[in-house]
Amino acid sequence: MEKKQIDWDNLGFAYIRTERRFVANYKDGAWDAGGMTDDANVVINECAGVLQYSQSCFEGLKAYTTEDGRIVTFRPDLNGQRMEDSCRRLEMPVYPKEKFVDAVTETVKANAAYVPPYGSGASLYIRPVMFASGPVIGVKPADEYQFRIFATPVGPYFKGGIKPLTIRISDFDRAAPNGTGHIKAGLNYAMSLHAIVDAHKQGFDENMYLDAASHTKVEETGGANFIFVTKDQKVVTPKSDSILPSITRRSLMHVAKEYLGLETQEREVFKEELADFAECGLCGTAAVISPVGKIVDHGTEICLPSGMADMGPVTKKLYDTLTGIQMGRIKAPEGWIQEIR
Ligand SMILES: *Cc1c(COP(=O)(O)O)cnc(C)c1O
């Protein structure tokens, strides 16, 4: 298979239309067989549930080339499970996780020419999405849905080198107790846009959201979970029912314990503790981990001892080990790497 002529090193994170995508439609209480199509456009009725009442959810994962030249994805079964969970909470029909993984595989295979080569740092970003396509005007779940998976090549996250982030504690809330913070609903992002645009205007890279009920506990950012490292090298991640369960974060916690032999804790993390941590990072598919150098709490600066020049030492070890596992340089736990053949 011949690769596309793309300047892999200078790709950003923007949509580039590739040739093939997977589409399945739900009608009369059942999913059709689904299949690949060239059509990147969606035509839906003006009264479609997604347009009126935001009934939609999505996933995000990557395909990349390993050191020995295989094309792989990372734990796609967990994305399939999470999308099932999102669908149930939004009263959407579940697309079974086994079929989800098959559809991801088919989409990557059909776009293999767009999977960047090993060593470029670039990858093929895969975006599964489901939305209510049927018309609804009374407030209720729609009767018809579309499930679609497209792929777009994206560049290396740390292009100009690693730059630790400066984040602010936000006065806006991301997720309510007993709300939808734990599922990957498009609506969670719609209402975070104002907060992130405002953060950027004020010179911050990201928002740290606190729990909406008491504003005393750390939750996550708009699209990434936190991990912290204590001064005695424990790896800590916040526990809350309104955090989106990041697959990267869950994998990093496993790596910390099983590969690096560090003590790990998933527990409530109070804002008051932030100044005691040695390192802080944001975890998600896009960057694996982005180090945080500074947290600003309404004018008070909390400077992490790891500084503004590089990743902290434990963060770096976590990053190197997980990316090593993903790229096939380090032996992966059973079932983590799905080869596309
Ligand atoms: C997708 C997402 C993450 C990161 O999850 P990964 O599975 O690691 O990519 C974190 N927080 C939110 C709110 C998300 O939507």
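Helix 6 (residues 247–259) packs against helix 7 (residues 313–326) at an angle of about 105°, and their axes are 10 Å apart. Axes are lines fitted to C-alpha atoms, for helices over the stretch in contact, with angles from 0 to 180 degrees between N-to-C directions; helices (H or I, at least four residues) and strands (E, at least two) are DSSP runs numbered from the N terminus. The two helices, helix 6 and helix 7, are therefore roughly perpendicular (65 to 115 degrees).

This is a predicted model, in which local features need pLDDT of at least 70 and side-chain atom pairs count only at pLDDT 80 or more, while totals for chains, interfaces and linings use all residues. Residues are numbered from 1 along each chain as its sequence is written, and side-chain values use heavy atoms, without hydrogens and water.

A search of the whole structure gives 13 aromatic pairs; rings of Phe, Tyr and Trp (its six-membered ring) pair if their centres lie within 6.5 Å, with planes under 30 degrees apart counting as stacked, over 60 as edge-to-face and the rest as tilted. The pair Tyr-26 and Tyr-145 is edge-to-face, because the ring centres are 6.0 Å apart and the planes are at 65°. Tyr-26 belongs to strand 1 (residues 21–27) and Tyr-145 to strand 8 (residues 145–154), so the pair ties together parts 119 residues apart in sequence. Tyr-26 is buried at 18% relative accessible area (buried means under 20%, with a 1.4 Å probe and protein chains only; exposed is over 50%, partly exposed in between). Tyr-145 is also buried, at 2%.

Conventions: Parallel < 35°, antiparallel > 145°, perpendicular 65-115°, else oblique.
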